[in-house]
Amino acid sequence: MPSKKKTEEIRQGSGNVNEIPRQKPKMDMGVLGRVLKMLWKAYPVLVPVTTFCILFSAVCSTLPAIFQRNVIALIEKYYESGDWSEASKEIIPLVLILVFFYVLSIISITVFRQLIAYITQGFLNKTRRQMFDGMQDLPIRYFDTNKHGDIMSYYTNDIDTLRELISQSFPAIIQSAAIVISVFGIMMWYSVWMTLVVIVGVVAMVFVSKKVGGGSAKYFVRQQKAIGKTEGYIQEMMNGQKVVKVFCHEKECIEGFNEINDSLYEDSYRAHAYANMLGPIIMNIGNVLYVIIATVGGILLTAEVPNLAVSSLVKGAGLTAITIDIMVPFLNMTKQFTGNVNQLSQQINSIVMAIAGAKRIFSLMDAEPETDNGYVTLVNAVVDEDGNVTETAEHTGKWAWKHPHQADGTVTYTLLRGDVRMTDVDFSYVEGKQVLHDVSVYAEPGQKVAFVGATGAGKTTITNLINRFYDIEDGKIRYDGININKIKKSDLRRSLGIVLQETNLFTGTVMDNIRYGKLDATDEECIAAAKLAGADDFITRLPGGYDTELTNNGANLSQGQRQLIAIARAAVADPPVMILDEATSSIDTRTEAIVQRGMDKLMEGRTVFVIAHRLSTVRNSDVIMVLDHGRIIERGSHEKLIAEKGTYYRLYTGAFELE
């Protein structure tokens, strides 16, 4: 749980790159341009069509100003004569034309609303897919150094900011900008003097928007990142709920959440307080501007001051006086003009927040993928009478490493045997903090190699290097005589079976979870693997047997049962090399005896690496290696190490479990 100091760092934005920035946010046009480029690439036809519909509806909304002046002019023309029958002949066509354009506007608005909904959801679908696809290529290191709750926030809150940007902000900006430009042109056409007054008012609106909007934008960015931190904390507490209750830390847990939540509240409050102030201020400036225009127009109208208008100059009429047919539509246009300027200013916060969300999304999409320069692949193999290994398309139960040699273009096949050798390996998770020092391990095919030692001695690190979750800094790791850096990671890992201390079961049936080890395995193969692991007995007693649905990481099963399914999942994969990382740590003594018999069958003919705290589970290993602070300090069989009366002897005779 975060301390008060840590919470203050979160509020102030100090700390690592994931902390909330204190600097004033900027409109990052590069990020915005990237979003637009992705949007255009995803829908190269629909985006222009939608934009045209938005622009057309915007232009249609400015037509009343033109027709209103013409109608008023006709009314003035026929007012004195009183010949309304003639007037109706000219007015009705204008009204019909206006209605026609209104109908077209309604149609275009309906079309663009439907298209924008389709484009938005489709774009988010593609973006989430791209994020998830890219996430599968990220190294384990990424997930070890980033909070899972924060990563989840990319898929929820940050994606939602893009939804608002595409479905609301972009259409509003295009529509408002089109209306502002077209209305400005009409206003200049009617009266330059009154347009200049409007421009002065708009400058005031822009100034206020910049001052108030800038403050809200800063806090919207901080709010977006604070949401990710809050979700990360909640997920952490949910995963550790049992630990919280066991140690009665509910109060401390609540206090920790309250501190982070208060930070989120503070940023959210300030962001929305600024944003909520902006609208009324801009609206009232617009109202004041409307009154000023009405006053100025009234003065020009009554005093018959010459009206400078583009229309008069184009027609060569000179400086004509302002008339009522100009005054009435101009006042309406003033409302329309300021209203759309207000609409544009209100989109600034949404854009800034979307940019903040997009940056976080792009940080995931741009994260350095797991490098894989391997070119040696795993193929089905056939061995003839002379011992020659060849490749086949059929599943034979035998595998070989297909090794193309770049020097001469030849291809050699090495039978997969499970010979793993580490020579003088050094490794550090963090630069400057070495975890393994000059470690050498030799595991011949069919051997069972056990690692024992205190927590943090480097046992699990060795297995992480064998399957290349991390790459070594120095030394060599060879698999059947081939440097594992030359083997494609997917093929390397396909040859390894692993059972972790922490079990992970997926939503689905028990059968589905066992089959996860080999997706094309038959039901019979899955059942056989369960029997081998000793899981068949409890599975058949479940309400649905192998078809029992598992949810929430198998919450309806005991920890030991979950571990048995994980062992069965590794068994169905039938790999030549097995890694058992505390595989029986969650199983009671009686169940362990059952599992151990199955494990012995599972390990027959395989190279096995075992990590265990219970020394009784490793005494039948061919080689036992004792690690201390990343160094192998003893190695040998159980009998040899007992006879030497060293560290292993003291551990074995002093306690059956390492602390």
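Visitor: Is arginine 468 buried or exposed?
Guide: Happy to start there, bearing in mind that this is a predicted model. Arginine 468 sits in the loop between helix H12 (459-466) and strand E10 (474-479). Buried means under 20% relative accessible area. Arginine 468 has 5% relative accessibility, so it counts as buried.

Visitor: What is the phi of arginine 468?
Guide: Arginine 468 is not a glycine. Even so, its phi is positive, at about 60°.

Visitor: Is the crossing of H6 and H11 left-handed or right-handed, and how many charged residues are in the contact?
Guide: The two helices cross in a left-handed way. In the contact of H6 with H11 there are 28 nonpolar and 13 polar residues, and the charged ones number four.

Visitor: Which residues of H2 and H6 make the contact, and what is their class?
Guide: H2 brings Leu32, Val35, Leu36 and Leu39, while H6 brings Leu162, Leu165, Ile166 and Phe170. Sorted by class, the contact has no polar and no charged residues, and the eight residues are nonpolar.

Visitor: Where is serine 440, and is it buried or exposed?
Guide: You will find serine 440 in strand E8 (residues 433-443). Leaving aside neighbours within four places in sequence, serine 440 is in contact with Met422, Thr423, Asp424, Met625, Ile632 and Arg635. Its relative accessible area is 10%, so serine 440 is buried.

Visitor: Which residue has its backbone nitrogen 3.0 Å from a polar atom of the side chain of serine 440?
Guide: One of the residues in contact with serine 440 is the one you want. The backbone nitrogen at 3.0 Å from that side-chain polar atom is the one of aspartate 424.

Visitor: Serine 495 next: is it buried or exposed?
Guide: Serine 495 lies in the loop between helix H13 (489-494) and strand E12 (496-499). Not counting residues up to four places away in sequence, serine 495 touches Leu378, Trp401, Leu416, Tyr479, Pro575, Pro576 and Val577. Its relative accessibility is 1%, so serine 495 counts as buried.

Visitor: What does the side chain of serine 495 reach at 2.6 Å?
Guide: That side chain also makes a polar contact at 3.1 Å with the side chain of tyrosine 479. At 2.6 Å, the side chain of serine 495 reaches the backbone oxygen of leucine 492.

Visitor: How many Å apart in space are serine 495 and tryptophan 399?
Guide: In sequence, serine 495 and tryptophan 399 are 96 residues apart. In space, C-alpha to C-alpha, they are separated by 8.9 Å.

How values were computed:
Residues are numbered from 1 along each chain as its sequence is written. This is a predicted model: local features need pLDDT of at least 70, side-chain atom pairs count only at pLDDT 80 or more; totals for chains, interfaces and linings use all residues. Side-chain values use heavy atoms; hydrogens and water are left out. A crossing is left-handed if the near helix is turned anticlockwise from the far one by less than a right angle, and right-handed if clockwise. Helices (H or I, at least four residues) and strands (E, at least two) are DSSP runs, numbered from the N terminus. Ala, Val, Leu, Ile, Met, Phe, Trp, Tyr, Cys and Pro count as nonpolar, Asp, Glu, Lys and Arg as charged, and the others, Gly among them, as polar. Buried means under 20% relative accessible area, exposed over 50%, partly exposed in between (1.4 Å probe, protein chains only). Contact means heavy atoms within 4.5 Å. A polar contact is a pair of N or O atoms within 3.5 Å; within protein, one must be able to donate a hydrogen and the other to accept it, and residues adjacent in sequence count only if both atoms are side-chain atoms.
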